[in-house]
Amino acid sequence: MIKNPWNEKLIFELGAPGRQAFSLPASDVPEVDLDWPENMRREKAPGLPEVSEPELVRHFTALSRLNHGVDTDFYPLGSCTMKYNPKVDEALAALPGFAGIHPYLPEELVQGALQLIYEMEAYLAEISGMDRVTMQPAAGAHGELTGILLVRAYHRCRGENRTRILVPDSAHGTNPATAAMAGYQVVSVPSDQRGGVDVAALEKLLDERVAGLMLTNPNTLGLFDENIHIIADMVHKVGGLLYYDGANTNAIMGYTRPGNMGFDVVHFNLHKTFATPHGGGGPGAGPVGVKKDLVPFLPVPLVDFDGKRYYFNYDLPHSIGKVRSFYGNFGVVVKAYAYIRSLGAEGLKQVSRDAVLNANYLMAHLKKYFYLPYDRFCKHEFVISGKWQKERNGVKTLDMAKRLLDYGFHPPTIYFPLIVEEAMMIEPTETESKETLDRFIDAMIRIAREAEEEPEKIKGAPYTTYIGRLDEVAAARKPELRWRAGK
Amino acid sequence: MRYLPNTIDDRQKMMADIGISSVEELFADIPEQVRLKRELNLPEALAEPELVRHLEDLAGKNGDTSRYTCFLGGGYYDHYIPAVIPALLSRSEFYTAYTPYQAEISQGTLAAIYEFQTMICELTGMDVANASMYDGATALAEAAAVATGATRRQRVVVSRTVHPEYRQVLKTYLEPRGVELVELPFTNGVTTGDNLDRYINRQTAAVLVQQPNFFGCLEDVYSLQRAASGVGALFIVSADPISLGLLKPPGEYGASIVVGEGQSLGLPLNFGGPGFGYFAAREEFLRRIPGRVVGATSDTRGRRGYVLTLQAREQHIRREKATSNICSNQALCALAATIYLSAMGPAGLRRVAGLCAQKAAYAKKRLAAVKGITVAFNAPSFKEFVIKSEYPVTLVQGVLLRRGLVAGPDLGRFYPELSNHLLVAVTEKRTKEEIDRLAEALEEVAG
Amino acid sequence: MYPADLKYSKDHEWIRVEGNRGRVGITHYAQETLGDVVYVDLPRAGDMVKAGESFGTVESVKSVSDLYAPVSGEVVEVNREVMDHPDLINKDPYGSGWLIIIEMSDPGELDNLMDALAYEEMVKEG
């Protein structure tokens, strides 16, 4: 990164009154006086920037240079699957025939889009072992909400009013938050010595109040739960359903499927597993697949095919309704569709093989320098701990994460999962070369050594970034959430 | 495979370091009974040129705006997208980054969100805004949830003139929380002003309206606001951001929370997504708002910088007590809107809104003169209005289609009492010639 | 670090008995574990609280904790100052960092609390 690419000015501090970056034609219709009531007319113009197009472009280009993206360098952010985002997928989603179609066009004018959704549904159903899939949810957490509402509708349709959702203590925060949003009481399930679900503890929690268990497998420790079929039987035996959080699907494609493991509902993160970009926080897409008992409850509409034409099917009397306007983040679905068609079955399996191989390679090298709480083969990610460095040298995981910035890497996910102290969750993905992995190993080893020899240096990191550590306490105590003139 | 760097040789070396002789050993902990014992049944992998051809074929089967002149509305609109937006969004430092958790290497995204929050506050006249929601519908549903929490009341009143799909989403979100959803009727295209106290009472957490409403009409927001605040309920407004170039910001007529769909601000139609929802509120609701929020602060050297803040509201910290489960949002779409609003500025936004209103007014008058067509509601309107045809909507749409025109949606889909009613949207992109063609096509229907 | 004139709960709240009233705050150990407090959410005067139940929350940048009432009763006073300056909880947890005053409905509940020695013991054992 070139030093200080930005002049620190916000767009509001640039330009001058009267400058403009827009170009609009003159009105070609006879001007009329609008019949609006006086009290509905805006008096004061909004305080928007007044800049020319070159200034605008320089400003946002400068901002972009302050960011680290997957295209910049390694981004081993655990649980986020920061793999390379293919350029052709971007170009394809921008084709006018996809980007320029209105959601209320008549069905005969969107046959290509509907065909794509229909085929994508079949691919995702096959990859997950589910019977049908909705594309409507806009993100992973949105898929979770959809999935848990499906679970709720299923039980209610059978005249059961179950009140609890079980969530492992290693789960993503979205799991308990989702269950609460769907009106459920959240009950936490402890993990066992091998990092999986504690089956004995689970047994005690299972009764007819349990609507379902939300699980990620491999879990957030990157470990495959070998008892999954036993857990599935246990939950099903009390009439509960099994929800699969698809965040970690990148580890298992072609090896196993949520459907084979006994799951009833799954969500996918197209922006993780299927290589659509994360966009600085979104948009993603969180399609939800279900086994056939849950199909009647899916959101409307589904896309069906009558042998001649594709059409929207709104005829689902037991549907939970809609979870989003229109049909989901279609533009994201196009990119993920293109990705699946680029790889095919063998390609996807190789993705999982390389993702798992890369993670185990990193783990094998790093476990000599960092505490590894669960020492067994991982899947696509693993969790090490900074506890040795904290105990011996007073260097925290946060400090080491900040030091990694000086080596040009995005740090791993830190302080998650909550059950590992000083956690560092590392997910290399399959799109990184051995040379990159070796560079990262090298940096981590150097940081471990610095922790021993120069702990103060690490505590002051980063040194080479545009900006130093920011005062988050001040930001939260006196929130300043917008720019104001003269401040 | 072009996205996978590992060669056979790389893999051998890595396996040797791990101490295995086959990658399959790493999958040995997957129990036999859950394994997939065949290959996935997916189409053969396509080379890039084949892929492009296949997707171009699919795209070619769709009637995009270059082939059909678009008078479709209902929440997504065919506005002009300045070329600077796709150009700047293609900076991969923006689009290949994750959520800006590591502030030191995410100042680009963070500063842009800070600018976005400021612009949304300026447009709506509110105190605070978040970094975006999935869409206008979920933003509205989350706003209603904030109201039930803030008032500890379990009744939400929504006008039937709010987008029907938004109301469906609202129902999906609120029903499991045990919130009662009550709908206000409409008369002549706007919320019925009489007997509001029959619906809005001391149990009411919030009153939800859309301005301009789903029919394009301007609501009497003042009396609705009075009815809400009179009983201590929140007043929540869903607003088209383009309209705010000319229309009174909801903050000036007493809105507690303002939400809306942001697709109009420089984003393609994308068959309905991705766009984004915006969410703005009065300061008093700051700790209840869902999703990410960026704040200004300074670094160890005193330099101004930006961070995600007030994170204790969010799912990764508060878990089951979080204000919402939202994690991924629509950040890149919000960036597009930030660039759009920067490009337009106050004058440009006013011009766009003015062109929409003028052209829609012309179209309304022009279509009213067509035999067999009446303008359904005479309330003032912005860029959309409703026409009623003597003939079935399917017949009308068929004729339009043959002339390369599309309008809608057919309101009978959502309102049984409005069969033969069609929504018509007119943006700044539509020309007088296109509007005249629409009128001529409708004249042809009447024959 | 743990004044002898206070009573302590296992949830790391302290109470100073002032006649039939009790002044409540969080302990030195609690504020240290939380780190810099950025926000505190307190009940209103007139609200009823129940021993062992949550009466508010206290937030740091990366965590949030419930506040549990050591005794039951009516909240008669709330520290406005600490709501505007939550750092008082870190700087002076037993003084200006107090949170609420409770009019005790059952002073007998005080017997369920620990004295300074017992509390210190509990904290040491972790």
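Starting with chain B, the predicted fold holds 12 helices and 16 strands. Its C-alpha trace stretches over about 80 × 55 × 50 Å along the principal axes. Of the 447 residues in chain B, 70% are buried.

Helix α10 of chain B runs over residues 331-368, which makes 38 residues. A straight helix of that length would reach 56 Å at 1.5 Å a residue, yet the end C-alpha atoms of α10(B) sit only 42 Å apart. There is also a kink of about 95 degrees in α10(B), found at B:G345 and shortly before the proline B:P346. Bent as it is, α10(B) is mostly covered, with 31 of its 38 residues buried.

Packed helices in general are described by the angle between their axes and the distance between the axes. Here the partners are α11 (residues 330-366) and α14 (residues 434-453) of chain A, whose axes come within 10 Å and cross at roughly 25 degrees. With angles under 35 degrees counted as roughly parallel, α11(A) and α14(A) therefore run roughly parallel to each other. As for handedness, the crossing of α11(A) and α14(A) is right-handed.

The pairing partner of β10(A) is strand β12 of chain A (residues 423-426), joined in the antiparallel sense over 4 bridges. Within this pair, A:A423 of β12(A) stands opposite A:S385.

Over in chain C, 3 strands make up an open sheet with antiparallel pairing, and their order is β4-β6-β7. Strands β4 (37-41) and β7 (64-68) of chain C take the edges and have a single partner strand each, so one side of each is left without a neighbour in the sheet. On average, and ignoring direction, neighbouring strands of this sheet are turned by 25 degrees against each other. Strand β6 of chain C (residues 54-60) pairs with β7(C) in the antiparallel sense, and 5 bridges link the two. At one position of this pairing, C:S54 has C:Y68 of β7(C) as its bridge partner.

How values were computed: Residues are numbered from 1 along each chain as its sequence is written. Chains are lettered from A and ligands numbered from 1 in the order in which they are written. This is a predicted model: local features need pLDDT of at least 70, side-chain atom pairs count only at pLDDT 80 or more; totals for chains, interfaces and linings use all residues. Side-chain values use heavy atoms; hydrogens and water are left out. The expected span of a helix is 1.5 Å times one less than its number of residues. The bend at a residue is the angle between axes fitted to the seven residues ending there and the seven starting there. Buried means under 20% relative accessible area, exposed over 50%, partly exposed in between (1.4 Å probe, protein chains only). Two strands pair if DSSP finds at least two bridges between them. Axes are lines fitted to C-alpha atoms, for helices over the stretch in contact, and angles run from 0 to 180 degrees between N-to-C directions. Angles under 35 degrees count as roughly parallel, over 145 as roughly antiparallel, 65 to 115 as roughly perpendicular and the rest as oblique. A crossing is left-handed if the near helix is turned anticlockwise from the far one by less than a right angle, and right-handed if clockwise.
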